[in-house]
Structures are given as C-alpha cells and as structure tokens.
Amino acid sequence: MNILIINGPNLNLLGKREKTIYGDASFEVYLESLRKRYNEINIVYYQSNIEGELINKIHEYGFDYDGIILNAGAYTHTSIALADAIRSVTTPVIEVHISNVHKREEYRHTSMISSACMGVILGFGLDSYRLAIEAFKK
Ligand code: DQA
C-alpha cells in the first residue's frame, strides 16, 4: 500500500508553532513513529507552503497511490483550486486537521475541500493522521 501525506502552509513549523494548539512534537519525529508502526505501508511525505506546489503533488501521485492524507492548513478555508485538484485525480483523499477547527474562529469552520474528499478527520492532534491511515487500511 502506498500513501502520500501532504502538509500545507506553516505545518513545517509543527513543534515550534502555537504549541498550545498544535503540540510540541515535530512532524518529522511523528512521521518516524508512523513509519515504524505501519512498516508494511510505503508512506511518502511532502510539505509545502505554496498552494501550486500542493496541487502539483496531488497531480503527481493522484493516479497511482492508494491514498492521500491532506492537511491543507489555512488553504483548507480558501482554495477552490485545491478542491478542483482533489476532484481531478482518482486517488481518494482524506482531509485531516490537528485541531478541532469547529471549536476555533468562525473562518475556520468552512472547508472548501471537504466535499471533494473521501472523508474528514479532525481534532485528534497528530493522531488524526494515524486515524486516516486506519481508514485507508479498511
Ligand atoms: C489546521 C487548521 C487550520 O485552520 C490552520 O490554518 C492550520 C492547521 C490544523 O491542522 O488544525 O494551519 O489545518
């Protein structure tokens, strides 16, 4: 099984950024634990702060991989282009968020991408990514 995890803007700063919301673990360390736990799965990781690069990555992997786990960061709330990219490929995409965006500012309550995704997992901290892997395994 091949899974691509994509993190969008500012998620390169996990572990340093707004720790009370996003925790103090870096994604690289968490990723290592995921790879150990699911050593039968090939997990590729990509992060970019640039919207078009996220779209390019979805196009690149979106016809061959079994699943894409996407945390689009703030582009979640704004990007019709990302939603179109998700709709354009055949690989199912699960939207994830570390925080429960519905408990936060109102502008975070809207997702432009949810309706293009297979499902949404949010609010479980970094464990949201693992839950998405479990969903793909099923
Ligand atoms: C986030 C939630 C977004 O609203 C925010 O812009 C992020 C992170 C999350 O994982 O909780 O950058 O996607």
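Trainee: How many salt bridges does a search of the whole structure find?
Mentor: The search turns up 7 salt bridges. Keep in mind that this is a predicted model.

Trainee: Okay, and which side chain meets Glu40 in a salt bridge?
Mentor: That would be Lys137, with an N to O distance of 3.5 Å. Glu40 sits in the loop between helix H2 (27-37) and strand E2 (42-47), while Lys137 belongs to helix H5 (residues 127-137), so the pair ties together parts that are 97 residues apart in sequence.

Trainee: Why can side chains like that pair at all?
Mentor: Side chains of opposite charge can do so when their charged atoms come close.

Trainee: New topic: where does the ligand sit?
Mentor: In the largest pocket. Residues surrounding the ligand include Arg17, Tyr22, Asn71, His77 and Arg104. The shell divides into 4 nonpolar, 5 polar and 3 charged residues.

Trainee: Which polar side-chain atoms lie by the ligand's oxygen atoms?
Mentor: Ser99 has a side-chain N or O atom 2.6 Å from a ligand oxygen. For His97, a polar side-chain atom is 2.8 Å from an oxygen of the ligand, and for Arg108 the distance is 2.9 Å.

Trainee: And how much of the ligand does the protein bury?
Mentor: Taken alone, the ligand exposes 320 Å², and the protein buries 99% of that.

Key
Residues numbered from 1 in each chain as written. Predicted model: local features only at pLDDT ≥ 70, side-chain atom pairs only at ≥ 80, totals over all residues. Heavy atoms only, no water. Near = heavy atom within 4 Å. Polar contact = N/O pair within 3.5 Å; in protein donor to acceptor, adjacent residues only side chain to side chain. Areas by Shrake-Rupley, 256 points an atom, 1.4 Å probe, with all protein chains shown as cover. 1 Å grid on protein atoms, 1.4 Å probe; cavity = no way out; pocket = protein on both sides within 12 Å on 5 of 7 lines; lining within 4 Å. Sits in = over half its atoms within 2 Å of the grid points. Nonpolar A, V, L, I, M, F, W, Y, C, P; charged D, E, K, R; others polar. Salt bridge = Lys/Arg side-chain N within 4 Å of Asp/Glu carboxyl O. Helix = DSSP H or I, 4+ residues; strand = E, 2+ residues; numbered from the N terminus.
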